[in-house]
Amino acid sequence: MAKRSAPEVNAGSMADIAFLLLIFFLVTTTIETDSGLNRKLPPMEDQVDPPIIREKNIFTVVVNKNDQLLVEEELIDIKDLRSLAVAFLDNGGGVGDEACDYCQGERDEASSDNPDKAIISLKNNRETSYKVYIAIQNELVAAYNELRNREFLRLYPNVGLNFVDAQKKYDDPRTSANAAEELKPKLNVVKQMYPQKLSEAEPSKTN
Amino acid sequence: MSKFKKKKGGDLPAISTASLPDIVFMLLFFFMVATVMRDSTLMVANRLPAADQVQKLDKKDRVMYIYAGKPSDRYQDKYGTSAKIQLNDKFATVSEVGAFILAERAAKRQELQNVLTTALKVDSDTKMGLVQDIKQELRKVSALKINYTTRLGDYTQNIN
């Protein structure tokens, strides 16, 4: 009888097995949503003598338990919040030492002196819903980002990025150390021009 | 007797599928490597609110997670439907948050202990009262860097 070659193992079902595993992992994979709004809480210890802040430099935002929005004592819709905040921050009504040479606002005397002085105070009720609170935070951050983008593009047109993208690039661990080092002072300059001064007051118990 | 024999039959040769398992395995390994298994099972509803001015939380080892929301369906008989905090794998009260943060912080490497961020994964239907209580606890243990974890989307999705 002729020499018989060893029978080949049938590997046809290998693909099926691999597919099964593949589908299992496809279904169980959850891409984690790890992005959000970064905030810094105020430290606990009370300041010995709080700095005196002029009323016109504070932009008060109050949300009540029915998720209604009161900005500077006026009931407004949330879609107007961003433009109002931009107008307030960019007002630059100060004179002399407090003048703001890069502001493009209306220079209204009743509104903020300088972006450096302007403070947004956000006050919420315990019954305010979290999603509305986040929507408001989002709009306020958007106002800062809008102004920062404008100044970043004006000062550093050759970077080819706006502030938000540049910040993203700086935070990205894949960016080389050199590139990050180059971006850092530029980002800081713009951050200094429009510092994010967003105070979250303790919640009101009533109303 | 011709040297060049004509091939028998005109049917197409079968396409070899021998490399199919290789391709599928390649995909399989990709997903196995890319999958991040949740380290704690969620016991609360966790539909995050939407925001578009977000920043990424890149380095996973510098983040501590606090979940809050209504207990999931299967825990509602036992724990009710009011919003609760979840730390690691169990429900917790507000007063336990501080101890949790301190324990988490102590478990991290020394050089990271000052740069930790607390990610608040709070369900969109929670009331601010609970969030405020958590924030207050975080201030007490001076864990001041927080991140309201959101999903990417327009803010108008938050308003009914």
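A crossing is left-handed if the near helix is turned anticlockwise from the far one by less than a right angle, and right-handed if clockwise. Helices (H or I, at least four residues) and strands (E, at least two) are DSSP runs, numbered from the N terminus.

This is a predicted model, where local features need pLDDT of at least 70, side-chain atom pairs count only at pLDDT 80 or more, and totals for chains, interfaces and linings use all residues. Residues are numbered from 1 along each chain as its sequence is written, with chains lettered from A and ligands numbered from 1 in the order in which they are written.

**Exercise 1.** Describe how α4(A) packs on α5(A).

*Solution.* 
- Take α4 (residues 163-171) and α5 (residues 177-193) of chain A; their axes (lines fitted to C-alpha atoms over the stretch in contact) lie 10 Å apart.
- The angle is about 140° (scale 0 to 180 degrees between N-to-C directions).
- The crossing of the two helices is left-handed.
- F163(A), A166(A), Q167(A), K169(A) and Y170(A) of α4(A) meet A180(A), L183(A), K184(A), L187(A) and V190(A) of α5(A) (C-beta atoms, placed from the backbone, within 7 Å).

**Exercise 2.** Which element gives the most to the side of chain B that touches chain A?

*Solution.* 
- Count the contacts: 49 residues of chain B touch 45 residues of chain A.
- Elements supplying at least two residues each from chain B include α1 (20-34), β6 (117-122) and α4 (128-140).
- α1(B) gives the most, with nine residues.

**Exercise 3.** Find the partner of N38(A) in β7(B).

*Solution.* 
- Strand β1 (residues 35-40) of chain A and β7(B) run antiparallel, joined by six bridges (pairing needs at least two DSSP bridges).
- N38(A) has N147(B) as its bridge partner.

Definitions and conventions:
Contact = placed C-beta atoms within 7 Å.
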